[in-house]
Amino acid sequence: MRASFVSGWNRVTAVLGRLSMYRLVLLALAVLAVVALLLSFFGLVVPAPAELVTTAVVLVAVSAGADAAAQRLLRLPLRLESSLVTAGILLFVLRPTLEPMGLVGVAVAALAASVSKYLLVWRGRHIFNPAAVGATVVTVVAALLPLDSGIGGAAWWVGTPVLFGPVLLCGLAVLWRTEKVRVAGVFLLVAVAVNLIRVVVQYQESGFELDFPMVAGQVLTSSPFLFLGAFMLSEPLTLPPRRRQQLVVAVLVGLLAGWPIPLGAVTLGQERALLIGNLVAFAFCVRAAVRLRLTARVVPAPTVRELVLHAERPLAFVPGQYLELDVPHRRPDARGTRRPFSILSAPEDLPVVRVAYRDGTGPQSTYKRALAEVAPGQELAVTGVWGDFVLPADRAQPLLMVAAGIGVTPFVSQLRHLTAAGERRDVVLVLVASDAAQLVFRDEIAASGVPVVVFTPDPPDPLPEGWRWAGGARIDAAGLERAVPDLRTRHAYISGPPGLIADLAPALRSARAVTTDAFAGY
């Protein structure tokens with residue numbers, strides 16, 4: 001039963017990995033919109049069918065039109081997905097309507113959201129969540145106008161029990177793909193707890209009797225917290241790069257969203273709380289769209305390609321982190337124009353930056369084909385550096401590094417850094433490859449002097465000093481424990497496909513600690 005569950009979960013992970021973040025969020029929002037439309041025919045949600053459809057049309061038209069005009073003016077690639085995602089989020093945040101002035105307010109929100117992507121930026125990266133900007137602008141405008149203006153504003157009608165299940169399922173898919181389940185979970189816990197405290201205080205002040213279980217259920221299922229956490233707070237581009245920083249932002253937004261503070265005619269509600277969180281995230285790490293110039297291509301193995309790049313501006317990263325590389329091209333497939341790459345080089349190698357990826361012989365994604373056409377001298381944009389797959393602060397902690405194929409790249413960065421810094425740690429590296437020819441970056445690993453255990457069907461010959469072949473055995477939990485007898489004392493780091501991580505899970509449970517870096521290919 002457990003093996004069947006793990007296999008099914010791995011298949012889900014593989015399917016989600018084939019979709020870009022934008023495509024998955026767009027698909028999830030589309031599913032929610034269809035569900036909401038069906039529910040509206042039975043009067044189970046606030047908007048009527050005509051209000052939903054009309055508001056959606058206005059949002060899409062204004063968002064897509066404004067983005068297209070800005071992208072044409074700035075000579076940027078057309079990104080329709082971004083427009084549709086913004087429109088989809090605003091559909092659930094604003095008040096759907098058929099009233100002319102209400103639709104004007106909807107258009108104002110969509111326009112403000114789109115414009116913010118190009119005006120509220122730092123070196124090419126937007127600072128604030130666009131949908132939150134749009135909702136805030138129209139809410140402030142409505143507060144400044146007479147009460148009967150009909151301009152509307154943020155309503156967060158998505159917070160209703162009948163949509164809680166669909167939002168939960170679609171939100172989990174998005175959070176799993178973006179690896180933000182923990183961040184959204186902390187936000188949801190804080191926001192619900194703070195809101196419950198606020199309700200209890202209000203009941204005590206009013207003298208009414210409180211049915212706590214009923215109120216707790218209402219706060220959880222009738223609030224917009226789940227939607228806010230899954231579809232807005234989780235946006236990687238407006239979160240800081242490290243997990244502990246992301247959790248700080250999640251707690252802050254949860255506090256502010258759970259107990260809205262009155263600010264004159266408006267309150268510090270959901271979208272304003274998120275904007276403050278975005279600002280704190282920006283302060284943690286000032287975003288910079290660093291550009292890398294391709295200087296050389298290397299083929300370290302038959303199915304591995306390495307890119308050697310030159311940073312035009314300082315690129316700050318910690319060994320083990322990854323960068324996201326944008327390669328604009330026409331008609332991108334479902335995974336879009338951006339991909340994460342573990343950084344192969346060490347910080348000491350700057351301004352040289354190296355990344356590597358697997359390049360098989362089968363069907364290729366549009367991204368891989370576009371990347372193969374990038375000529376030396378051409379510049380590419382790094383849209384961010386993220387990740388917590390970094391060495392522990394305790395230098396005395398024994399380490400185990402397990403890498404499958406191209407998953408060795410973050411370990412090469414870490415070992416190069418340790419060598420350059422003259423830092424000695426107790427490290428054992430386990431390499432897993434489909435054949436000996438796929439053991440890449442052997443010289444750099446050997447230069448670090450760490451002992452290496454190799455799992456390949458055929459014996460690699462010759463092996464550097466300190467390396468040993470595991471005898472052709474397929475790596476599994478038992479094989480890992482035989483190869484590393486003192487596994488229980490080590491902090492295990494494993495980088496590779498989800499299937500490998502699942503296979504080794506029984507053995508890794510005995511390790512002192514486990515940090516994983518799963519990838520689903522390009």
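Phe441 is placed in the loop between β12 (427-432) and α15 (442-448); helices (H or I, at least four residues) and strands (E, at least two) are DSSP runs, numbered from the N terminus. The phi of Phe441 is near 60°, a positive value in a residue other than glycine. Phe441 counts as buried, at 7% relative accessibility, where buried means under 20% relative accessible area, exposed over 50% and partly exposed in between (1.4 Å probe, protein chains only).

Trp156, in the loop between α6 (130-144) and α7 (161-178), likewise is not a glycine and has a positive phi, of about 50°. Trp156 is buried, with a relative accessible area of 9%.

## Basis of the model

This is a predicted model, in which local features need pLDDT of at least 70 and side-chain atom pairs count only at pLDDT 80 or more, while totals for chains, interfaces and linings use all residues. Residues are numbered from 1 along each chain as its sequence is written, and side-chain values use heavy atoms, with hydrogens and water left out.

## The open sheet

An open sheet is formed by 6 strands in the order β8-β7-β10-β5-β6-β9, with antiparallel pairing; two strands pair if DSSP finds at least two bridges between them. Because β8 (338-342) and β9 (352-358) stand at the edges with a single partner strand each, one side of each has no neighbour in the sheet.

Strands β7 (residues 322-326) and β10 (residues 379-386) run antiparallel and are joined by 5 bridges. Tyr322 has Trp386 in β10 as its bridge partner. In the loop between β8 and β9 lies Pro351, which a cis peptide bond joins to Leu350, with omega about 10°.
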